[in-house]
Amino acid sequence: MWRAYLTPTTLEEALAMLAEHRGEARIIAGGTDLVLQSQQGKCPSTVMVDITRLPGLDQIAERDGYLQIGALATHGQVASSPLIRERAEVLALACGWVGGPQIRNVATLVGNVVNALPAADGAVALFALDAEAEVVNLRGRRWLPVAELYRGVGLCTIDSCVELVTALRFRALGPGQRSAYERLAPRRVLALPIVTVAAVIEIAEGRFVEARIAVGPVAPTPFRAVRAEAALVGQPVTAEVIAQAAALAAADAQPRDSATRGSREYRLDMVEALVRRALSQVMTG
Amino acid sequence: MSKETISLWVNEAPHRVEIEPGESLLSLLRDRLGLTGTKNGCGEGHCGACTVIVDGRAVRSCVYPAARAEGKRVETIEGLARDGALHPLQRAFIAEGAVQCGFCTPGMIMAAKALLDRTPNPSDAEIRRALRHNLCRCTGYSSILRAVRAAQAQMRAAQAEPPDASAATSAAAYTSARPLAAVGRSLPRPDARAKVTGQAVYSADLRFPGMLHAKVLRSRYPHARLLGVDTRRAAALPGVVAVLTARDVPGVNRHGLERPDWPVLCDDKARYIGDAIAVAAAETEALAAQALELIEVAYEPLEVVDSPERGLEPDAPLVHESGNVAKHIHLERGDLAEGWARADVIVERTYRTARAEHAFLEPECSVAVPEADGRLTVHVGSQIPFDDRRQIAAALGLPESQVRVVHAETGGTFGGKEDIAGQIHAALAAWVTRRPVRLLYTRPESIIAHPKRHPTVIHLKTGATREGKLVALEARILGDTGAYASLGPYVMTRTATHATGPYEIPHVWIDCHAVYTNNIPSGAFRGFGVPQAAFAMESQMDLLAEQLGLSPWEIRRRNAFHTGSLTATGQELRESVGLLETLDRVQAAWRALDSPWAYQTAEGKRRGWGLACAFKNVGLGGGAPDTAGASVEITTEGHIQVRAGAAEVGQGLVGVLAQIAAEELGVGPERAEVLVGDTALTLDGGATTASRQTYITGNAARLAAQALRETLAAVASAALGKPAAPLRFADGRIGDGERWLAWEEAVALARGAGCALRAERVYRPPETRPLGQGGDMHFAFGYATQAAEVEVDPATGEVTVLRVIAAHDVGQAINPLGVIGQVEGGVVMGAGLALTEDLPMRDGLPLATNLAQYRIPTVEEVPEILPIIVEDPAQEGPYGAKGIGEIPSIPTAAAIANAIHAACGARVYEIPATPERVREASTREASTREARTREARTRAPMPGRGSGRAAGDSR
Ligand code: FES
Ligand code: FES
């Protein structure tokens with residue numbers, strides 16, 4: 001449990017607080033998972049640096065040719081943002097699945113990434129969008145591919161004790177691009193998914209021009225089904241091509257047997273089924 | 001760093017509050033501001049009971065840091081009513097019967113308010129979306145959805161917007177087919193107002209000066225010999241007042257409802273992971289938890305009996321010295337060999353059902369208070385106040401007169417609060433420390449500790465004649481009763497006696513074992529072993545129908561119990577057998593929907609309907625003492641007070657008793673108030689279980705009220721100069737139609753004449769006999785038919801329940817709104833059983849310990865439910881009423897499983913029918929079909945055995 005709960009009002013102040021309580025303090029935003037972890041004694045940090053009062057971080061805007069989402073933007077905001085819905089639908093769809101309003105109103109998309117759980121809906125969509133994260137520490141700012149933030153189940157390469165992610169960005173979908181998000185869970189809502197698939201696809205003249213397929217939570221981190229993607233590009237849009245790609249995506253998954261979410265075999269089959277469905281969705285939708 | 005002070009607005013009033021580091025907004029509201037209307041259902045973000053509004057948005061206060069609320073505006077349930085005028089949502093929740101136990105209600109209303117504040121005219125999908133994080137275990141959500149729509153319509157009307165044509169039709173419009181003055185009318189429950197305003201007091205809401213907090217150390221191993229417990233370091237921790245072990249139990253260190261096999265605190269062995277080793281009482285909950293960590297326990301881990309199959313093996317370790325068979329149940333009727341000889345078709349299959357958790361929204365909480373006169377009072381929301389008293393007294397070595405159990409408002413039970421769960425521990429700690437002690441379970445603790453629904457393996461062999469008459473049934477049933485008997489032996493008896501379903505079968509052989517294991521005990525859970533039996537038998541019925549070329553309706557109709565039928569135990573059903581009517585009404589309702597029995601949607605999903613019937617005993621039966629007492633009093637201000645020892649657990653008994661007393665005394669039910677479950681103030685009501693209280697306590701209250709009625713009739717007769725017998729009581733008057741006396745006047749005359757205006761009666765139902773002794777095992781049964789429509793996604797195996805038609809024979813609906821609430825809630829609970837609910841255990845350890853992993857249905861899973869009330873009166877029941885508490889949960893899972901088969905040809909033999917199981921079953925089905933086709937191609941075509949039943953012929 002934390003001993004102190006600090007509420008800085010500027011980014012500099014937040015970083016200074018982290019530095020002052022070096023190693024003991026960590027950033028908290030929505031706190032959806034962190035508060036509970038801390039209450040249950042599963043978070044060693046004793047100082048919480050609450051960034052929810054930092055100005056300007058809740059923006060969702062187009063900047064420098066990117067769609068940019070601030071660190072305080074919640075799943076609710078992302079799911080209902082006209083900008084995201086129109087130009088990166090896959091992310092709006094994914095965020096729409098997350099929890100009820102009590103979570104959507106609080107949980108931030110950035111927090112979802114920093115948490116590094118493979119089951120996070122939003123993160124899977126970000127993988128498909130080739131998103132980047134802006135990391136800020138006392139030494140400065142840098143943009144890193146979101147995929148590089150993942151080190152394993154719940155392990156993020158960003159150390160929330162010294163730095164924070166202030167924004168996410170990605171290119172909006174182009175005119176010829178379409179996206180889809182598919183999710184299978186043992187209960188429609190409020191349950192960890194069995195498999196999730198996010199896809200961004202471009203089709204021209206009956207052929208796949210581009211394909212980005214992200215899959216979760218069937219490996220320690222969400223992952224891009226690169227072999228499936230490669231199998232699609234340049235190929236005609238046919239059921240056979242799609243089936244082949246779906247099988248390749250499943251071949252790259254490494255789900256565990258789960259007593260509550262299904263056997264490894266079933267989950268592999270479902271990767272295939274959901275990739276197939278996402279691709280068909282894109283074709284028809 | 002230490003305490004800090006924050007400022008915030010709560011319900012528009014400014015507050016400055018000192019908070020602890022790490023404190024949640026929930027604890028700030030409940031513990032510091034005393035706003036206990038906001039509930040703690042899990043404390044870990046899963047249930048939504050703690051929902052409040054912060055700066056216009058719904059949040060879960062249990063995981064919202066109090067510090068973050070600095071400067072914010074917080075709205076809680078207490079702030080909703082203005083100057084005594086309820087918010088439209090509160091009014092609608094009351095009117096629509098959207099309040100049962102009421103524990104989810106404050107959070108649900110706040111979530112709905114946050115929605116309506118921003119979105120005045122939400123779509124149905126938006127309402128569901130807004131409420132999807134608020135779990136309710138009682139209502140099945142249908143009434144909640146109706147209430148939100150009604151409130152929305154009201155709010156729009158108040159703003160003079162055109163009324164919404166789509167506004168829901170109210171369930172409050174339902175009346176009994178035989179309405180009387182008060183009985184048979186849909187009326188709001190008397191406790192609803194307190195529940196929608198946050199005023200209802202559950203035991204965790206109680207505060208006493210000097211109150212300590214207790215925590216229980218539970219076993220580290222599912223099976224271990226206890227070599228020693230050292231509490232010295234824990235006891236030395238400042239702020240810890242007592243640390244108690246088995247040595248400190250002054251009386252009998254065993255409790256148990258069926259047999260005393262369950263240690264209050266383990267002495268010899270720990271038999272499951274929830275077994276209690278020690279209790280620590282401290283100034284704060286955190287200190288008590290810290291103390292537990294300092295207790296040193298030496299265990300010798302023993303081999304774990306992880307399943308009933310293992311428990312029955314000759315070399316299995318013994319869970320109890322008496323042997324691993326907790327109960328062997330056997331019944332036979334007719335001559336099985338003759339039955340098989342007469343059978344033209346025989347179906348033999350094995351079915352499995354999962355361990356299920358009650359997931360009542362209110363975790364167990366007991367508060368024990370030593371009184372100045374040396375007695376001990378225990379406040380607890382449980383199902384059997386008088387048994388609690390008996391067991392507490394026995395463990396403490398006190399006479400029962402020294403212990404008082406007061407039934408607190410209870411946030412749902414469903415069978416899961418029959419056994420002792422903290423009552424004795426809290427009482428013991430209070431007795432030792434001489435201070436009030438509160439023991440509140442955490443949600444994981446609740447899941448680990450209290451008994452569950454039995455996982456079962458049911459092997460059925462069923463034979464029928466070509467005409468579709470059932471002739472023989474052989475059943476072998478195995479139930480995992482876990483570490484302690486709890487009510488398991490009775491539960492498994494019910495599985496056995498109901499294994500035939502509500503059907504006449506002349507030749508029956510049923511064998512059933514309830515086996516001890518090192519798993520969490522299994523005990524009572526709504527339906528009491530019968531849902532498991534129903535899943536198996538109703539699947540058999542469809543399999544037989546398929547082989548015989550009969551429709552699912554027809555095979556059931558040909559075998560259904562009717563007046564004069566004999567049950568498996570040989571009991572003759574002499575009256576009130578409304579089964580066929582429920583079947584007919586469901587069929588008519590299904591026809592009216594004009595929905596094909598099975599079809600494919602444009603998106604390639606498969607839809608289908610499935611049918612199931614059920615029966616369930618009302619009352620304990622089997623020769624068990626089944627009485628209950630009640631008293632009725634006319635107070636000096638002219639109110640009617642009904643007192644009964646039964647428990648109000650959300651089911652609505654208080655309303656039923658108010659209506660009965662009002663009916664007899666000819667006044668409005670709003671005049672009646674009901675006090676339940678106080679061992680010092682009420683007569684023993686027995687257990688609130690087995691759907692028995694409307695019948696038994698209802699009769700007791702009726703008899704008591706009738707006694708008062710006779711008193712009033714006598715004085716009125718004298719005053720009016722008319723004979724007493726034909727006098728009518730109506731609209732607050734007593735008279736013969738010509739001359740009337742005001743009710744108040746009659747009361748005053750009676751009081752003036754020194755008549756007793758309080759009467760108490762104990763009702764004893766017709767005698768029942770134990771299994772195997774012939775005669776009536778039960779004095780009444782409820783009957784039901786349900787049809788479910790599902791949609792199956794063939795690619796993933798996902799199943800969605802779309803509609804359920806549910807007809808229930810309740811004898812007489814005392815409060816139709818309450819009956820519908822039971823039906824809707826039961827159906828949704830049955831849907832959970834069918835599709836999502838499973839508490840798997842491995843090596844004696846549970847694999848789901850919270851409400852995210854254990855998945856009860858959310859509002860997003862709720863089908864459209866069409867309840868139908870059938871009233872085939874029971875002669876002895878009050879006004880003909882039977883019980884309705886359990887049976888709505890019984891046929892649902894079976895109907896859904898049958899619907900899955902109709903939809904996609906896949907038959908599941910194990911529930912829950914998870915997507916994986918459904919997909920597996922359809923793959924299996926497809927390959928059998930393929931093999932059959934291949935076979936058919938190579939050989940002569942098979943004769944028409946009806947294996948490929950076409951969609952249409954089951955209509
Ligand atoms: S108590 Fe907060 S979500 Fe359950
Ligand atoms: S009324 Fe909703 S949980 Fe009881």
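This is a predicted model: local features need pLDDT of at least 70, side-chain atom pairs count only at pLDDT 80 or more; totals for chains, interfaces and linings use all residues.

I read 5 strands in the order β2-β1-β5-β3-β4 (chain B), forming an open sheet with mixed pairing. Which strands stand at its edges? I found β2 (13-19) and β4 (57-60) of chain B there; each has a single partner strand, so one side of each has no neighbour in the sheet. From one strand to the next, the twist averages 40 degrees.

I then zoomed in on one pair. Strand β3 (residues 51-54) of chain B and β4(B) are antiparallel and share 4 bridges. Within this pair I noted B:Val52 opposite B:Val59 of β4(B).

I also checked helix α1 (residues 25-32) of chain B, which packs on this sheet. I listed its touches as β1 (4-10), β2, β3 and β5 (73-75) of chain B. Against β2(B), the direction of α1 makes about 105 degrees.

**Entry: the four-stranded sheet of chain B**

Further along chain B I looked up another open sheet, with 4 strands in the order β27-β26-β25-β31 and mixed pairing. Here β27 (672-676) and β31 (758-763) of chain B are the edge strands, and because each has a single partner strand, one side of each is left without a neighbour in the sheet.

How many bridges join β25 to β26 of chain B? I counted 5, between strand β25 (residues 628-634) and strand β26 (residues 640-644), and the two run antiparallel. For B:Ser631 I noted B:Arg643 as the bridge partner in β26(B).

Helix α19 (residues 693-720) of chain B lies across β25, β26 and β31 of chain B. I have α19 running at about 35 degrees to β25(B).

**Entry: where chain A meets chain B**

I moved to the interface. Chain A gives 46 residues to the contact and chain B gives 48. Together they bury about 4000 Å², with 52% of it on carbon and sulfur atoms. On the chain A side, the most area is lost by A:Gln102, A:Arg187 and A:Arg188, together 19% of what that side buries.

For the polar part I got 23 residue pairs in polar contact between chain A and chain B, both residues at pLDDT 80 or more. Helix α11 of chain A gives the largest share of the chain A side, 6 residues. By class, I sorted that side into 23 nonpolar, 14 polar and 9 charged residues.

I found 3 salt bridges across this interface. For A:Arg277 and B:Asp793, which form a salt bridge, I noted 2.7 Å between the closest N and O atoms.

**Entry: one salt bridge within a helix**

I picked out B:Asp387 and B:Arg390, whose side chains meet at 2.8 Å, N to O. How are they placed along the chain? They sit 3 residues apart in helix α11 (residues 385-396) of chain B, so about one helical turn separates them.

Terms used
Residues are numbered from 1 along each chain as its sequence is written. Chains are lettered from A and ligands numbered from 1 in the order in which they are written. Side-chain values use heavy atoms; hydrogens and water are left out. Two strands pair if DSSP finds at least two bridges between them. Contact means heavy atoms within 4.5 Å. Axes are lines fitted to C-alpha atoms, for helices over the stretch in contact, and angles run from 0 to 180 degrees between N-to-C directions. Buried area is the accessible area (1.4 Å probe) that two parts lose on being put together, summed over both. A salt bridge is a side-chain nitrogen of Lys or Arg within 4 Å of a carboxyl oxygen of Asp or Glu. A polar contact is a pair of N or O atoms within 3.5 Å; within protein, one must be able to donate a hydrogen and the other to accept it, and residues adjacent in sequence count only if both atoms are side-chain atoms. Ala, Val, Leu, Ile, Met, Phe, Trp, Tyr, Cys and Pro count as nonpolar, Asp, Glu, Lys and Arg as charged, and the others, Gly among them, as polar.
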